[in-house]
Amino acid sequence: MQWGFAFRLFGQNFRSNRNLNLLSVGIIAFAFLILGLFLLVAKNLDQIAEKWGEQIQVVIFLKDGTSEPDRKALEKKVRERREVKGLAYVTSEQAYSRLKKMLQDRASVLDGLNQNPLPASLEIQLDKKYRNLASIQAFAGEVREFAGVKEVFFGQKWLKNFLAILRIFRILVLAIGGLIFLASGFIIYNTVKLTVYSRREEIGIMKLVGATDSFLRIPFLLEGVTQAVSASIISIIILWICWLIFRNFLQVPFLLFSQAGISFLDSGQILMLVGSAGLLGILGSMVSFQEFLKV
Amino acid sequence: MIELYHVAKTYQRDITALSEINVKIRKGEFVYITGPSGAGKTTLLKLLFAAETPSSGQILIGGKNVSRIRPREIPFLRRQLGVVFQDFKLINHWTVFQNVAFVLEILGFPRKDIRRRVLQTLKRVQLNHRVESFPQKLSGGEQQRVAIARALINDPKILLADEPTGNLDPDITQEIMTFFLEINDRGTTILFATHDRSLIQAYPKRVISLKRGSLITDSEESSGGFELGRT
Ligand SMILES: Nc1ncnc2c1ncn2[C@@H]1O[C@H](COP(=O)(O)OP(=O)(O)OP(=O)(O)O)[C@@H](O)[C@H]1O
Ligand SMILES: [Mg+2]
């Protein structure tokens with residue numbers, strides 16, 4: 001296979017259809033910019049979710065009057081669960097003095113109680129892998145049935161809401177991503193089709209002197225791939241520049257709000273964007289060349 | 001080498017370009033195909049390099065049935081043929097060099113070999129001073145010689161030449177004919193479509209003459225000789 005030829009023809013095609021090519025690169029870059037922006041937001045929301053997930057406390061309240069051996073048995077049972085990374089026993093007295101400390105000078109409100117109402121508890125630290133709502137819910141549901149357990153508590157509601165929002169956002173990103181891919185593929189398909197069409201006469205001549213279809217396809221594949229890949233790279237560069245400009249304005253409020261820093265797309269995500277653009281380019285130009293051969 | 005049995009070609013259902021053609025051409029032969037304009041010469045050649053398919057009949061080239069060739073095999077058939085097209089079929093925004101070199105590029109020849117062979121062949125058709133020109137800047141005769149160089153660059157087994165001297169002056173015609181006869185001597189089978197009776201007289205060979213799509217005479221099978229080209 002003569003790559004020299006393929007690149008030469010590709011260069012000629014590009015030069016003679018330069019404006020069209022640049023236009024389609026521009027449009028695809030714009031589409032990818034939107035996609036990249038959504039990915040960026042999704043990524044940072046994910047980070048918040050993770051940060052918050054890490055802070056989820058699961059607390060197992062013990063039934064009053066649980067005996068020392070029963071408690072030890074329960075502790076052992078809980079500790080054996082794969083979700084559990086660490087566990088601390090808090091007696092009812094400790095809980096009471098902690099509460100007192102928290103209330104500080106208003107601790108006198110507790111004076112009205114003639115006995116300590118707080119149950120003893122096991123404070124669970126979850127393994128990182130299981131710090132998500134589904135695992136936590138499953139874990140809580142099972143532990144609740146253990147002997148000696150009065151109640152299992154975790155910050156359920158707000159997390160649930162946040163994760164629901166996040167899930168909707170992810171679906172949105174997927175849908176928009178799909179749309180953008182379709183649109184970009186269609187743009188590439190059309191540009192390459194125009195190039196192929198404007199080259200039909202010489203394609204005919206090349207076939208007459210013995211060129212195979214797969215040989216002739218290569219310059220057009222190159223065209224599609226170059227369009228898509230350069231568009232995706234341009235969009236990432238623009239996104240990166242915007243990021244550099246706006247990062248400082250966003251960093252502080254973001255940190256205050258979520259305790260998580262913000263970050264740009266990681267190299268894996270960038271590679272994925274560029275790679276999928278390349279694939280798109282191959283597909284778009286292949287379809288248009290194949291269509292051309294049929295007529 | 002080339003065999004046609006009951007070959008007919010009809011364009012658009014009612015334009016009969018060829019009918020009932022039966023011809024056998026042996027390896028290494030030099031055959032003129034002659035006849036008035038519209039007789040079907042170009043059509044006959046087009047059937048051979050599979051640019052058209054016969055409406056009926058069988059065509060064999062080197063034992064291969066071209067009338068039933070699969071599309072993906074066509075490029076490989078064409079690589080064994082050299083074709084000088086009546087309308088040249090040069091790519092206008094490629095240089096003379098690129099037009100000729102393309103045939104070898106398809107075949108994956110090394111760049112250096114390509115350069116050497118292209119220059120050598122262009123010299124043979126007296127175009128070595130026009131290597132980097134573009135076809136549109138060349139005269140008709142010069143373009144024709146580019147087409148000839150492209151057809152011969154890869155030492156084809158069969159040369160199909162459609163009026164290859166139509167635009168050439170007598171001196172260059174003689175030079176090109178000498179070139180053709182030379183490669184014919186080296187074993188290349190040549191089919192040469194022409195109106196030019198003086199050419200046939202100057203270089204007498206087998207003559208197949210067509211008229212309105214029918215084969216009228218074949219000098220090999222009758223005693224008429226090349227006189228029969230006059231139809
Ligand atoms: N693509 C086509 N569609 C319709 N009719 C065609 C086509 N090509 C050729 N013909 C017709 O077929 C007949 C034979 O044409 P052909 O080109 O084979 O003649 P020719 O002998 O090569 O003539 P010339 O000496 O002028 O080159 C003509 O009547 C022509 O009009
Ligand atoms: Mg003709």
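Student: Which chain A side chain meets B:Glu105 in a salt bridge?

Tutor: This is a predicted model, where local features need pLDDT of at least 70 and side-chain atom pairs count only at pLDDT 80 or more, while totals for chains, interfaces and linings use all residues. Residues are numbered from 1 along each chain as its sequence is written, chains are lettered from A and ligands numbered from 1 in the order written, and side-chain values use heavy atoms, leaving out hydrogens and water. A salt bridge puts a side-chain nitrogen of Lys or Arg within 4 Å of a carboxyl oxygen of Asp or Glu. Here the N to O distance is 3.1 Å, and the partner of B:Glu105 is A:Arg8.

Student: How many salt bridges are there between chain A and chain B?

Tutor: Chain A puts 16 residues in contact (heavy atoms within 4.5 Å) with 20 residues of chain B. For salt bridges, the count between the two chains is one.

Student: Which helix of chain A gives the most to the side that touches chain B?

Tutor: Helices are DSSP runs (H or I, at least four residues) numbered from the N terminus. Helix 1 (3-16) and helix 7 (200-208) of chain A each supply at least two residues of that side. With five residues, the top contributor is helix 7.

Student: Which helix supplies the largest share of the lining of the largest pocket?

Tutor: The lining has 25 residues, and those nearest the pocket's centre include A:Ile203, A:Lys207 and B:Arg78. Helix 8 (213-258) and helix 9 (267-294) of chain A and helix 2 (74-78) of chain B each supply at least two lining residues. The largest share, seven residues, comes from chain A's helix 7.

How values were computed:
1 Å grid on protein atoms, 1.4 Å probe; cavity = no way out; pocket = protein on both sides within 12 Å on 5 of 7 lines; lining within 4 Å.
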